[in-house]
Every structure is written in structure tokens, then in C-alpha cells.
Amino acid sequence: MYLIKGNEKNILVDTGGSGEEWAEEYHHGLIREKDMEPVNAVKKLGVQPEDVDLIINTHLHWDHSFNNHLFPNAKIIVQKKELEFAINPIPSHYVYYESYQIGLTPNWIKSMVNFEVVDGDKEIYEGIKVLYTPGHTPGFQSVLVNTKEGNYLIASDMVGLIENWHENTTGGVPTPSGIHVNLIEYYDSINKMKEYSNYILPGHDSKVLEYESFPNKEFQEKYFDKYLK
Ligand SMILES: [Zn+2]
């Protein structure tokens with residue numbers, strides 16, 4: 001989860017996964033302390049859950065959309081192609097979507113009434129834009145935020161780890177995630193992400209937790225500037 005404070009709005013990018021028991025039963029073990037629970041994590045940053053104005057779901061996998069309903073006043077931006085695929089995914093993604101085909105009900109259903117479905121790139125507020133970047137899933141969107149240090153792209157699962165962005169094992173471009181639906185689209189999306197952004201915030205890399213907020217010069221120098229110059 002990332003919280004964007006800008007335009008006098010509180011915007012959440014993704015809402016995280018389930019608690020420990022559910023994850024253990026259907027996915028994998030995890031540790032979630034009290035202060036990591038979504039509502040507590042947001043409160044710790046001075047925002048009450050009812051004051052979250054907007055959620056942007058990068059995609060509807062369980063670990064990114066499980067807690068949408070805990071923010072009752074938020075509109076939820078989701079891509080049209082993502083919603084279509086989440087309802088009828090390919091079998092290798094059934095578990096990730098907790099889909100009905102395997103007898104589950106995705107948690108995002110609870111707050112579907114707040115969905116605002118978009119199709120493609122869209123400026124949400126001045127300086128905050130969703131970029132349609134399919135590959136990991138068919139309706140994936142990244143979130144581009146214009147900061148005083150340049151454009152930060154919240155890449156979520158398109159770039160799971162910072163290493164994905166740097167290690168050129170596949171011919172001079174960042175390395176896609178092993179979880180994908182279309183590698184050709186994925187590479188096109190990587191090129192688009194490179195073109196628009198100065199810095200990437202990955203989806204599953206604890207290195208970002210070394211920093212309280214972004215933009216952050218130390219983060220940029222440590223993980224990006226030496227690679228980009
Ligand atoms: Zn995912």
C-alpha cells in the first residue's frame with residue numbers, strides 16, 4: 001500500500017492482502033503485526049479511514065485489493081480490462097484473484113458499488129495519473145506521481161523488486177515478473193514506464209520501508225542514480 005497526499009486528497013494505491021489465517025489457508029504464510037493492519041497503518045500517517053478519498057487498485061489480485069471495504073468513502077479506480085479478467089481469469093490466476101471458479105469470493109466485491117471504471121491512461125488529479133501498463137495482468141495500471149524530485153511511478157507488481165528494474169539478464173531491459181499473462185505486452189509496458197518515470201516504487205520490496213516518505217534523495221541515489229547515469 002502507498003498513501004499519496006496531494007491536491008488536498010488522501011489517495012491509497014492498493015489496500016494490501018488478508019490477515020494471517022486467511023493467507024495461510026489459501027496462499028502462503030505471512031506475518032502481520034497490529035500496526036501493519038491497513039487501517040492502523042493509515043492512521044499512523046495521520047489519516048482516518050473515512051478520510052481516504054480515493055483508492056487506485058493497480059490490479060485486483062488478492063494481495064492488492066483485499067481491504068478496499070475498510071475505506072468506506074473512497075471511490076475506487078480500476079481498469080475495465082482488469083475487472084473483466086478478474087471475473088473470468090485464466091486458471092493460473094484463479095488463486096491470485098480468489099475467483100469463484102475455485103469456490104472463493106473476491107473481497108473487492110464488498111465495495112464494488114464504489115468502483116469507477118476507467119479504460120486506459122487517465123489523469124486523476126493534476127500531477128497524478130494512471131498509466132495503463134498490462135503484462136502482469138491484462139488490466140494493470142501503474143500510478144505516476146509528479147513530485148518536486150521528478151516523476152515517481154508506483155509500479156506495484158509490474159516491478160516486484162528494485163532488482164527487476166536493474167538487472168539486465170534479458171537483453172538490456174528490466175526483468176519481468178514470473179507471474180504474467182502476456183510477455184509481449186509486458187515489454188511494451190516496461191518501455192512506457194521507462195519513458196514516463198524518473199524513479200520506480202516496487203510492489204514487493206521491503207527496501208522501500210527504509211524510508212518514511214517519497215520523494216527521497218537518499219533512496220534515489222542509493223537505488224537509481226548510479227544505474228541511470
Ligand atoms: Zn499481482
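**Loop residues, nonpolar cores and an enclosed cavity**

Apart from its neighbours within four places in sequence, His28 contacts Ala23 and Trp62, where contact means heavy atoms within 4.5 Å. The model is a predicted one, in which local features need pLDDT of at least 70 and side-chain atom pairs count only at pLDDT 80 or more, while totals for chains, interfaces and linings use all residues. Residues are numbered from 1 along each chain as its sequence is written, and side-chain values use heavy atoms, with hydrogens and water left out.

His28 is located in the loop between helix 1 and helix 2 (38–44); helices (H or I, at least four residues) and strands (E, at least two) are DSSP runs numbered from the N terminus. With a relative accessible area of 45%, His28 is partly exposed. In this classification buried denotes under 20% relative accessible area, exposed over 50%, and partly exposed the range in between, for a 1.4 Å probe and protein chains only.

The largest nonpolar core comprises 35 residues, and those with the most contacts inside it are Ile4, Ile56, Val143, Ile154 and Phe219. Strand 9 (residues 150–156) gives the most to this core, contributing 4 residues. A nonpolar core is here a set of buried Ala, Val, Leu, Ile, Met, Phe, Trp, Tyr and Cys residues joined through side-chain atoms within 4.5 Å. Ile154 touches Tyr2, Ile4, Val13, Ser142, Val143, Val145 and Leu201, residues up to four places away in sequence not being counted. A second, separate core has 16 residues, among them Leu12, Phe71, Phe85 and Tyr97. In soluble globular proteins, nonpolar side chains tend to be buried together.

Ile77 belongs to strand 4 (residues 75–79) and counts as buried because its relative accessible area is 2%. Leaving out residues up to four places away in sequence, the contacts of Ile77 are Leu54, Ile55, Ile56, Asn57, Glu116, Val118, Ile124 and Gln141. The C-alpha atoms of Ile77 and Lys5 are 16 Å apart in space, and the two residues are 72 residues apart in sequence. Asn57, one of the residues touched by Ile77, is found in the loop between strand 3 and helix 3. At 1% relative accessibility, Asn57 is likewise classed as buried. Beyond its neighbours within four places in sequence, Asn57 is in contact with Asp14, His64, Ser65, Asn68, Ile76, Ile77 and Gln141.

The loop between strand 3 (54–56) and helix 3 (62–65) also holds Leu60, which is buried, with a relative accessible area of 0%. Leu60 touches Ser65, Val78, Glu82, Leu83, Ala86, Tyr96, Tyr97, Trp108 and Phe115, with residues up to four places away in sequence excluded. Between the C-alpha atoms of Leu60 and Asn107, 47 residues apart along the chain, the separation is 9.6 Å.

Leu60 and Asn107 are among the residues that line the largest cavity, together with His61, Trp62, Ser65, Phe66, Tyr97, Glu98, Pro106 and Trp108. A cavity is a set of points, on a 1 Å grid over the protein atoms alone, where a 1.4 Å probe fits but cannot get out, and lining residues have an atom within 4 Å of a point. The lining of the largest cavity consists of 6 nonpolar, 3 polar and 1 charged residues. For this count, Ala, Val, Leu, Ile, Met, Phe, Trp, Tyr, Cys and Pro are nonpolar, Asp, Glu, Lys and Arg are charged, and the others, Gly among them, are polar.

Backbone geometry was also examined. Most residues other than glycine have a negative phi, and most peptide bonds are trans. Glu8, although not a glycine, has a positive phi of about 55 degrees. Glu8 is placed in the loop between strand 1 (2–6) and strand 2 (9–13) and counts as exposed at 84% relative accessibility. Asp14 also has a positive phi, near 70 degrees, and lies in the loop between strand 2 and helix 1 (20–26). At 4% relative accessibility, Asp14 counts as buried. Phe214 and Pro215 are joined by a cis peptide bond with omega about 5 degrees, and Pro215 is found in the loop between strand 10 and helix 8 (217–228).

Terms used. On a 1 Å grid over the protein atoms alone, a cavity is a set of points where a 1.4 Å probe fits but cannot get out, and a pocket is an open set with protein on both sides within 12 Å along at least five of seven lines; lining residues have an atom within 4 Å of a point.
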